[in-house]
Amino acid sequence: MLIPSAVAINLAMGFVTNQLGLPLYLDTIGTVLTAALAGPWAGIVTGLLSQAVRSLYEGFIWLPFGLVQVVIALCAALAARAAGFRDTARSVGWGAITGIAAGAVSALISHVVFRGVTATGVTAITTLLAGLGLSRAEAVTVASLATDIVDKVLVFVLAGTALRGLPLRVAARYPWAMRATGR
Amino acid sequence: MKLHPFTPFALVLAVAALAFILPAPSGPAALYAAVAATALARGMRGAVVAGAVVSLPLWVFLVLLHAILPGGEGAAAALAQGARLGAVATASVMLIRTFDPSRFLDAASAGGWSLGAAFLIVSTMQAAPRLRLRAGSILEAQRARGLVAGGSPVARLKALVPVTLPLALGTLAEVDERAMALEIRAFGGGGRRTPLEIPAMSARDRLLRWGAVLAVSAAAGWRLL
């Protein structure tokens, strides 16, 4: 039951950011939470399923970004093993590392498969950078890295706060969660 | 008569494959026109509008990046990519509007899928709109308690915490209750589930599926040769 709920959190976060008018995705919180609670495989399944369901609503064309979800799940599992959710500073550090990894993969997919045009926020930055004279590849890379680093830092901070806020009765059911938060 | 629940998935995958295989820009443009015409013929005007709304911002950026700003790949590339996105988005909206979770679960059970895998897909599809509603309720409740969810970007960022934490913690706390409810109904008891109504695989389903396979194979063969 954890995976469907985490996928639903991922999708609901898109709605929350939209309602708050934030130019962010935050649609990987469920993936990070699952990887930190139940390990990398659960995180990967959550990420891929999230991408598949999102693709159903917005077009199967976004399926290649499932690879980014896999990278995020692996980074979150590594962070959990290293007690990366123990405090906010560690969450910020691991979020930045994940943002760089996810941004690099995302830039590659955006450039090769989508000719630089994907989600509205990141594409607006790409267009702005291209207008300033950067080449298409440079603009896509810089825009993807910048947005992904900010987004993943926030995702890791929010996921870390949620993990530390879990009642011990619930957290104790997930061995990874105890390790992730250093309890 | 309704299509078998797996047939629309096969058709959307075929549209996605054709969108990239057919020669640009005429191939993707013709495919988009065909998908939109099919939706209109089936009385799904809303799917055409929703598909256009989803892909409209991307069209704008495609034209800006490739047709207006220097260094782009030209208007033809923008048209081709926009048509690809539009075709796949419209086909996906058609699928989601006709998706029936219980029929899908019955078809999966009848097809010999493991109950766990079928349930994972269906429960995810059902959980997504439910949690979206809950996110909306939490946001409204926090606003009623004085949360400022507008204004500067910093204020909006601060509003994330009181919305996200109740959503995530509430959902995680619910996982146990739902798992227990399933156990009470012998979900983990093993044995094959017997669907009461097995969705029929009609001649139309077979025709559409084989047609999709043939169309993708023919397009791929034509491009390779």
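How many other C-beta atoms lie within 10 Å of Ala83(A), and is the residue buried, exposed or partly exposed?

Modeller: This is a predicted model: local features need pLDDT of at least 70, side-chain atom pairs count only at pLDDT 80 or more, and totals for chains, interfaces and linings use all residues. Residues are numbered from 1 along each chain as its sequence is written, while chains are lettered from A and ligands numbered from 1 in the order in which they are written.

Ala83(A) has 15 other C-beta atoms within 10 Å, so it is partly exposed. The cut-offs: 20 or more such atoms make a residue buried, 12 or fewer make it exposed, and partly exposed lies in between, with C-beta atoms placed from the backbone. Ala83(A) sits in the loop between helix H4 (66–81) and helix H5 (88–114) of chain A. Helices here are DSSP runs of H or I, at least four residues; strands are runs of E, at least two; both are numbered from the N terminus. The phi of Ala83(A) is near 55 degrees, positive although the residue is not glycine. Most residues other than glycine have a negative phi, and most peptide bonds are trans.

Leu26(A) also has a positive phi without being glycine, near 50 degrees. Its place is the loop between H1 and H2 of chain A. Leu26(A) has 23 other C-beta atoms within 10 Å, so it is buried. In chain B, look at the loop between helix H1 (7–21) and helix H2 (26–41), which holds Pro25(B). The peptide bond from Ala24(B) to Pro25(B) is cis, with omega near 0 degrees.

Now the core. A nonpolar core is a set of buried Ala, Val, Leu, Ile, Met, Phe, Trp, Tyr and Cys residues joined through C-beta atoms within 7 Å. The largest one has 109 residues, and those touching the most other members are Ile29(A), Val32(A), Ala36(A), Ala76(A), Ala159(A) and Val15(B). Helix H4 (residues 75–98) of chain B gives the most to this core, 12 residues.

Follow Val15(B). Beyond its neighbours within four places in sequence, its contacts (C-beta atoms, placed from the backbone, within 7 Å) are Leu31(B), Val35(B), Ala87(B), Val88(B) and Ala91(B). H1(B) and H4(B) pack at about 175 degrees, with axes 9 Å apart. Axes are lines fitted to C-alpha atoms, for helices over the stretch in contact, and angles run from 0 to 180 degrees between N-to-C directions. H1(B) is therefore roughly antiparallel to H4(B). The classes are: under 35 degrees roughly parallel, over 145 roughly antiparallel, 65 to 115 roughly perpendicular, the rest oblique. On the H1(B) side the contact includes Phe9(B), Val12(B) and Val15(B); on the H4(B) side it includes Arg84(B), Val88(B) and Leu95(B). By class, this contact has 12 nonpolar, two polar and one charged residues. Ala, Val, Leu, Ile, Met, Phe, Trp, Tyr, Cys and Pro count as nonpolar, Asp, Glu, Lys and Arg as charged, and the others, Gly among them, as polar.

Last, the interface. Here 43 residues of chain A are in contact with 52 residues of chain B. H1(A) supplies the largest share of the chain A side, 13 residues. That side has 27 nonpolar, 13 polar and three charged residues.

Methods. Two residues are in contact if their C-beta atoms, placed from the backbone, lie within 7 Å.
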